[in-house]
Every structure is written in structure tokens, then in C-alpha cells.
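Good morning, and thank you for coming.

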Amino acid sequence: MGAHKQVVPGTQVVPGKQAGISLTGLILVLMVLGFFALLTIKIVPSFLEYRAARDGIVRAKAAGGSPAEMREAFDKFAQINDIEAIRGRDLVISREGAAPEISFAYEKRIPLTERATLVIDYDGTTDPSGVVAAKAD
């Protein structure tokens, strides 16, 4: 018994017609995937540095001591974990109650092409409310 194809009334079956993606479609798909791969390659290191900075302020707060000692603890952590975006002097240390809270905020510029730059604003705090303290000028 041979296999029989059922033809839906009103449709036309063209023998030898192939279905699939054209070369132009494939090139466009690859260009879009390449663009997103480029973004990922450029953004991931910046995000990992931000996460390390967040971990660094938590450790600096746990180290305790004076604000200068917390900044020094952060600088040591930053040196070990290759954090270059901020330093201990960039941290905002405030006392709102019994425990000090540490905050930071910075802008990261990631060049994509000669004329296009991606700007990401990062901030972090140890304050449970999530409010990032503003740096006093």
C-alpha cells in the first residue's frame, strides 16, 4: 500500500517546489544574530564588573570600621576582582540609623561602532530600602 497525500480542496500542489529559507533570508537572520552576539560580548563584562562591585560594597560593609576603612576594604576587593569602574573614593557611605549604608552609582559607556555608543547607568546599595544615596559634591 502506497502513501496517499490528501489534497485540501482549493489548494494547488506544485511538484518539485521547495519550502525553506532563501539565501537572502539566511543572511538577514545571521546579521541579526551577529548584532545580538556583538551586544552580548560587549555588555557581559560590564555587567559582571557591576555585580562584583555590588558584592564589594556588601563585603566592605561587613568589614565595618570607619568610612575610610570600608573604602580601603572595597579598594582591596576591587583590586582582586578587577573592578576598574569605581574606587573606594567613589562610594557614598551614610549613617541612617545604627548601621552604615554604602551606595555607588556610575555610568558605563560601551563603544559599539565609530559613531554609536551604548550608555548604561549602574547603581547599587546595601540599604535594604534600595535607595541609592546621592554623592555630596
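Helix α1 has a kink of about 30 degrees at isoleucine 43, shortly before proline 45. The bend at a residue is the angle between axes fitted to the seven residues ending there and the seven starting there. This is a predicted model, in which local features need pLDDT of at least 70, side-chain atom pairs count only at pLDDT 80 or more, and totals for chains, interfaces and linings use all residues. Residues are numbered from 1 along each chain as its sequence is written, and side-chain values use heavy atoms, with hydrogens and water left out.

How many residues does α1 have? The helix covers residues 23-63, which is 41 residues, and spans 59 Å from its first C-alpha to its last, close to the 60 Å expected at 1.5 Å a residue. That expected span is 1.5 Å times one less than the number of residues. Helices (H or I, at least four residues) and strands (E, at least two) are DSSP runs, numbered from the N terminus. Just after α1, glycine 64 adopts a positive phi of about 70 degrees.

Which elements do the buried residues of α1 pack against? They pack against α2 (67-80), β2 (100-111) and β3 (117-125), where contact means heavy atoms within 4.5 Å. Among these buried residues are Leu39, Tyr50 and Ile57; buried means under 20% relative accessible area, exposed over 50%, and partly exposed in between (1.4 Å probe, protein chains only).

Finally, the sheet. Three strands form an open antiparallel sheet in the order β1-β2-β3, with β1 (92-95) and β3 as its edge strands. Two strands pair if DSSP finds at least two bridges between them.
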